[in-house]
Amino acid sequence: MRVSAQCAVQRSRYAWAASSVLRREDRLLARRLQQARFRDADRTLDTFDFAFNRKMPQALIHELATARFVAQREDALLLGPPGTGKSHLAQALGRAAILQGYRVIYREAHILLEEFTEATVEGTRKALMLELTTVPLLIIDDLGMRKLPHTAAEDLLEVIMRRYERASTLLTSNRPVDDWGKLLGDTAAVTALLDRLLHHAYVLKCGPRSWRTRCTPTCVRTRCRSRTQAVSTPLPEMAGFDCRRNGRF
């Protein structure tokens with residue numbers, strides 16, 4: 001009887017210890033998700049419809065979700081027209097990295113650059129730069145969606161230079177990289193930025209179909225198709241994208 005009682009006590013202690021570990025892990029996960037500041041915290045690969053755009057490199061995306069690229073300090077670049085799931089994938093991959101034990105920071109490009117401006121005025125730029133350059137995975141989303149300040153190229157270059165071969169950066173944009181010099185207004189800085197970003201990068205071409213058009217009424221889609229047929233030039237947002245190329249740069 002004494003042995004049975006001791007075994008019961010021991011099992012109870014093991015169960016309590018296991019429960020305590022799980023609670024600590026849950027708190028750590030919740031804290032890291034909060035610190036990441038995802039725009040859409042519920043985005044996961046399970047909710048991504050790969051069947052909608054069948055040319056999406058599903059195997060490569062699931063490989064990135066293992067976070068091995070973070071361990072190897074490699075980068076990823078998601079390009080494609082608006083509405084093709086770049087932000088969804090970026091946040092899903094960020095969440096997957098957190099589940100693998102990595103810290104992640106997510107910022108939309110225009111918000112990140114606003115933070116630089118505010119930090120410069122407040123005298124906290126050094127602290128901000130330290131935070132951005134030491135986190136294992138930095139996600140910069142939607143480069144090209146908003147008008148950027150004149151210091152954008154220099155600020156982004158400094159971040160990428162400090163992170164180069166030291167930590168991973170995932171960046172999404174609706175603009176082909178050939179347009180970034182004009183977008184950021186500093187061709188020399190952009191050339192230096194891309195030289196480092198693309199050196200050890202996975203490049204994914206997203207699309208070509210927009211997820212948002214799935215919910216467009218049939219009559220509207222019909223009118224859009226008829227207008228498209230009447231125009232001989234391609235849509236501006238599709239220019240420069242070749243959806244046949246996916247993989248390592």
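This note sets out, in numbered points, the fold, the nonpolar cores, selected helices and individual residues of a predicted model.

1. Overall architecture. The protein contains ten helices and six strands. Its chain has 249 residues, of which 43% count as buried. When contacts with a separation of 6 or more are considered, residues 24 or more positions apart account for 86% of them.

2. The largest nonpolar core. This core comprises 34 residues, and the members touching the most others are Leu 77, Phe 116, Leu 143, Leu 156, Trp 180, Leu 184 and Leu 193. At least two residues each come from strand 1 (75–79), helix 5 (109–122), helix 6 (125–134), strand 3 (137–143), helix 7 (152–163), helix 8 (180–184), helix 9 (187–197) and strand 5 (201–205). The greatest contribution is that of helix 7, with six residues. Apart from this core lies another, of 33 residues, which includes Met 56, Phe 69, Val 104 and Leu 137.

3. Surroundings of Leu 77. Once neighbours within four places in sequence are left aside, the contacts of Leu 77 are Leu 171, Val 177, Trp 180, Leu 197, Leu 198, Tyr 202, Val 203 and Leu 204. Trp 180 is, like Leu 77, among the core members that touch the most others.

4. Helix 5. With 14 residues, helix 5 spans 20 Å from its first C-alpha to its last, close to the 20 Å expected at 1.5 Å a residue. Its buried residues are Ala 109, His 110, Leu 112, Leu 113, Glu 115, Phe 116 and Ala 119. These residues pack against strand 2 (104–108), helix 6, strand 3 and helix 7. Just after the helix, Gly 123 adopts a positive phi of about 80 degrees.

5. Glu 115. This charged residue is found in helix 5. Glu 115 has a relative accessible area of 15% and is therefore buried, the cut-off being under 20%. Beyond its neighbours within four places in sequence, Glu 115 is in contact with Arg 37, Arg 107 and Leu 128.

6. Arg 163. Helix 7 also holds Arg 163, which counts as buried because its relative accessibility is 1%. Leaving out residues up to four places away in sequence, Arg 163 touches Leu 132, Thr 133, Thr 134, Val 135, Pro 136, Leu 137, Leu 138, Ser 168 and Thr 169. Leu 137 is listed in the core of 33 residues. Between Arg 163 and Leu 197 there are 34 residues of sequence separation and a C-alpha to C-alpha distance of 9.3 Å.

7. Helix 2 against helix 4. The axes of helix 2 (residues 58–65) and helix 4 (residues 86–99) come within 8 Å and cross at roughly 40 degrees. The two helices are therefore oblique to each other. On the side of helix 2, the residues in contact are Ile 61, Leu 64 and Ala 65, which meet Leu 89, Leu 93 and Ala 96 in helix 4. By class, this contact has six nonpolar residues, with no polar and no charged ones.

8. Lys 55. This residue sits in the loop between helix 1 (2–36) and helix 2. With a relative accessibility of 56%, Lys 55 counts as exposed. Lys 55 and Gly 207 lie 152 residues apart in sequence, while their C-alpha atoms are 7.6 Å apart in space.

Notes. Residues numbered from 1 in each chain as written. Predicted model: local features only at pLDDT ≥ 70, side-chain atom pairs only at ≥ 80, totals over all residues. Heavy atoms only, no water. Core = buried A, V, L, I, M, F, W, Y, C linked by side-chain atoms within 4.5 Å. Buried < 20%, exposed > 50% of the residue type's maximum accessible area, 1.4 Å probe, protein only. Helix = DSSP H or I, 4+ residues; strand = E, 2+ residues; numbered from the N terminus. Contact = heavy atoms within 4.5 Å. Expected span 1.5 Å × (residues − 1). Axes fitted to C-alpha atoms, helices over the stretch in contact; angles between N-to-C directions. Parallel < 35°, antiparallel > 145°, perpendicular 65-115°, else oblique.
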